[in-house]
Amino acid sequence: MSFTVVIPARYASSRLPGKPLADINGSPMIRHVYEQACRSSASRVLVATDDERIAEVCGGFGAEAVMTSPDHASGTDRLQEVVARLGLGDDARVVNVQGDEPLIPPGLIDQVAGALNDYPEAAISTLCERIVRPADLFNPNVVKVVRDHDGYAHYFSRAPMPWLRDQWQPLTMPDTLPDDYRAWRHIGIYGYRVSLLHRFVSWPPAPTETMESLEQLRALYNGARIHVSEASETPPAGVDTREDLERVRRQLA
């Protein structure tokens with residue numbers, strides 16, 4: 001199984017500017033992400049950035065960096081620019097690993113790439129884990145997914161789903177979830193067939209995508225199939241804030 005890992009890394013961040021270059025125990029965060037990705041089975045790992053400072057740092061520790069346009073509206077647009085510049089064929093596989101995931105398990109990268117081999121109808125592959133806490137189910141920052149019996153996504157939402165109509169009336173958060181209740185949190189790592197990326201950037205934003213602010217809904221809206229596997233292990237949280245950065249520093253100390 002041959003696949004490429006692309007790590008998008010932007011300097012601008014409203015909550016943590018310069019995040020890819022943030023020091024974690026003597027190395028920039030982007031280096032930790034890159035080294036985790038290199039421990040996967042990927043045949044090639046590269047960083048996609050719109051900032052020369054990040055590209056220069058990546059070159060300093062031996063990572064391949066590709067400069068991309070600063071004008072992309074989404075990470076998928078940036079990814080498509082990279083695969084076009086690399087000249088990858090339509091059936092090539094690419095895994096998008098976020099540049100703020102310094103603890104990403106390499107096994108999850110391999111799992112996402114492998115799903116594209118195991119499920120030929122899937123244009124995109126991604127992961128999920130079971131939700132066991134009501135607070136997570138009712139948290140709009142935790143994205144939920146409903147799947148069919150083969151693991152293909154029906155829908156992604158920030159709302160609680162599936163909804164227990166007879167138990168959750170009126171709209172109140174329960175103290176516990178029933179033992180036989182299955183809800184799934186989406187884990188934001190994606191594998192793509194290159195052909196999907198070229199089609200994706202030609203589609204306008206979908207109405208559901210705009211309402212939910214979930215880019216993957218554009219693919220579903222246009223008939224692309226997304227396979228969602230249960231993650232083989234729970235990934236540590238990424239870095240969004242200064243507090244997250246301090247937590248990761250302690251974990252890697």
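Predicted model: local features only at pLDDT ≥ 70, side-chain atom pairs only at ≥ 80, totals over all residues.
Reader: What makes strand 8 and strand 9 a pair?
Author: Strands (E, at least two residues) and helices (H or I, at least four) are DSSP runs numbered from the N terminus. Two strands pair if DSSP finds at least two bridges between them. Strand 8 (residues 144–147) and strand 9 (residues 153–157) are joined by four bridges and run antiparallel, so they meet the rule of at least two bridges. Val-146, for instance, has Tyr-155 of strand 9 as its bridge partner. The two strands form a hairpin with five residues between them, and Gly-151 in the turn has a positive phi of about 90°.

Reader: Why is Thr-49 called buried?
Author: Buried means under 20% relative accessible area, exposed means over 50%, and partly exposed lies in between (1.4 Å probe, protein chains only). Thr-49 has a relative accessible area of 0%, and is therefore buried. This residue is found in strand 4 (residues 44–49).

Reader: Which residues does Thr-49 touch?
Author: Contact means heavy atoms within 4.5 Å. Not counting residues up to four places away in sequence, Thr-49 touches Ala-9, Ile-54, Ala-55, Val-66, Met-67 and Thr-68.

Reader: Why are Asn-25 and Ser-213 placed in separate accessibility classes?
Author: Asn-25 has 43% relative accessibility and so counts as partly exposed, whereas Ser-213 has a relative accessible area of 53% and so is exposed. Asn-25 has a positive phi of about 55° although it is not a glycine, and its place is the loop between strand 2 (23–24) and strand 3 (27–28). Ser-213 likewise has a positive phi of about 55° without being a glycine; its place is the loop between helix 7 (207–212) and helix 8 (216–221).

Reader: How do you know that the buried residues of helix 2 are on the same side?
Author: The buried residues of helix 2 (residues 52–60) are Ile-54, Ala-55 and Cys-58. They cover an arc of only 100° around the axis, which puts them on the same side of helix 2; the arc is that of the directions from the helix axis to the C-beta atoms. Exposed on the other side of helix 2 are Glu-52, Glu-56 and Gly-60. The buried residues pack against strand 1 (4–9), helix 1 (29–38), strand 4 and strand 5 (64–67).

Reader: Which residues of helix 9 are buried, and why are they said to be on the same side?
Author: In helix 9 (residues 242–252), the buried residues are Asp-244, Leu-245 and Val-248. Their arc around the axis is only 100°, which puts them on the same side of helix 9. Glu-243 and Arg-250 are exposed on the other side.

Reader: What makes Tyr-119 and Tyr-152 an edge-to-face pair?
Author: Rings of Phe, Tyr and Trp (its six-membered ring) pair if their centres lie within 6.5 Å; planes under 30 degrees apart count as stacked, over 60 as edge-to-face and the rest as tilted. By this rule the count comes to eight aromatic pairs. Tyr-119 and Tyr-152 are 6.1 Å centre to centre, with 90° between the planes, and form an edge-to-face pair. Tyr-119 lies in the loop between helix 4 (106–118) and strand 7 (124–130) and Tyr-152 in the loop between strand 8 and strand 9, so the pair ties together parts that are 33 residues apart in sequence.

Reader: Why is the pair of Trp-168 and Tyr-181 also given a name by its plane angle?
Author: The ring centres of Trp-168 and Tyr-181 are 5.5 Å apart and their planes lie at 65°, so the pair is edge-to-face. Both residues are buried. Phe-138, Trp-163, Trp-168 and Tyr-181 form one aromatic cluster.

Reader: How do you know that Arg-225 sits over the ring of Tyr-152?
Author: A charge sits over a ring if NZ of Lys or CZ of Arg is within 6 Å of the ring centre and within 35 degrees of the ring normal. The charged end of Arg-225 sits over the ring of Tyr-152, 3.8 Å from its centre. The charged end of Arg-147 sits over the ring of Trp-184, 4.6 Å from its centre.

Methods
Residues numbered from 1 in each chain as written. Heavy atoms only, no water.
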